[in-house]
Amino acid sequence: MAKSILFVALLMIGTLAVKSQTASDSVKATISKLFAAMKNADSAGVMASFHPAAIMQTLTKTKEGKDTIRANTVEQFASSVGKYSFSDLDERIEFGAVQVDDGIAIVWAPYKFYFKQNFSHCGVNSFQLVRINDEWKIQYLIDTRRKTTCL
């Protein structure tokens, strides 16, 4: 009897913990799964983080120093991630602003990127997420990249 009461109490506590997760927490979890998949060289995990119609872009500079936007498909990105080994791709982010309204969310996340344990570059990720069937997916990602003046 005491064991069954303890089991029910633990089940209720676990249920409350799940229900107490905020929309912001859920959004952050989706983004964290993306970076875990990158670190694990898991292309399927990368794909699972994005909506099928997602857009990826990078604000970068040309050789002449002019700003330009480079686009990449999620499929291309996921494929390249899968070619590396565990921990080769280590993007360390900090969650800045997270805003959620109904089924959309935005996240501002400064980062530092390490390639094979060596600092490569830094910048900011700007995510747009959508909630489809009670699951957050990345719909749009644009980032900046630079070697110095990291946030």
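Select Tyr84 first: this residue is partly exposed, with a relative accessible area of 34%. Here buried means under 20% relative accessible area, exposed means over 50%, and partly exposed lies in between (1.4 Å probe, protein chains only). The model is predicted, so local features need pLDDT of at least 70 and side-chain atom pairs count only at pLDDT 80 or more, whereas totals for chains, interfaces and linings use all residues. Residues are numbered from 1 along each chain as its sequence is written, and side-chain values use heavy atoms, with hydrogens and water left out.

**Aromatic pairs**

Rings of Phe, Tyr and Trp (its six-membered ring) pair if their centres lie within 6.5 Å; planes under 30 degrees apart count as stacked, over 60 as edge-to-face and the rest as tilted. The structure has 3 aromatic pairs by this rule.

Now select Phe35 and Phe127, whose ring centres are 6.3 Å apart with planes at 80°, so this pair is edge-to-face. The two residues stand 92 places apart in the chain, Phe35 in helix α2 (residues 23-39) and Phe127 in strand β6 (residues 118-132). Helices (H or I, at least four residues) and strands (E, at least two) are DSSP runs, numbered from the N terminus. Phe35 is buried at 10% relative accessible area, and Phe127 is buried at 0%.

Return to Tyr84 and Phe115: their ring centres are 5.5 Å apart and their planes at 90°, so this pair is also edge-to-face. Tyr84 belongs to the loop between α4 (74-81) and β3 (89-93), while Phe115 belongs to strand β5 (residues 104-115), 31 residues apart.

**Ser120**

Select Ser120 in strand β6. Ser120 is buried, at 18% relative accessibility. Leaving aside residues up to four places away in sequence, Ser120 touches Phe113, Tyr114, Phe115 and Lys147; contact means heavy atoms within 4.5 Å.

**Salt bridges**

A salt bridge is a side-chain nitrogen of Lys or Arg within 4 Å of a carboxyl oxygen of Asp or Glu. The structure holds 6 of them.

Select Lys39 and Asp90, a salt bridge with its closest N and O atoms 3.9 Å apart. This pair links helix α2 with strand β3, 51 residues apart. Lys39 is partly exposed at 29%, but Asp90 is buried at 11%.

Finally, select Arg145 and Asp143, whose salt bridge has its closest N and O atoms 2.8 Å apart. Arg145 is partly exposed at 39% relative accessible area, whereas Asp143 is buried at 8%.
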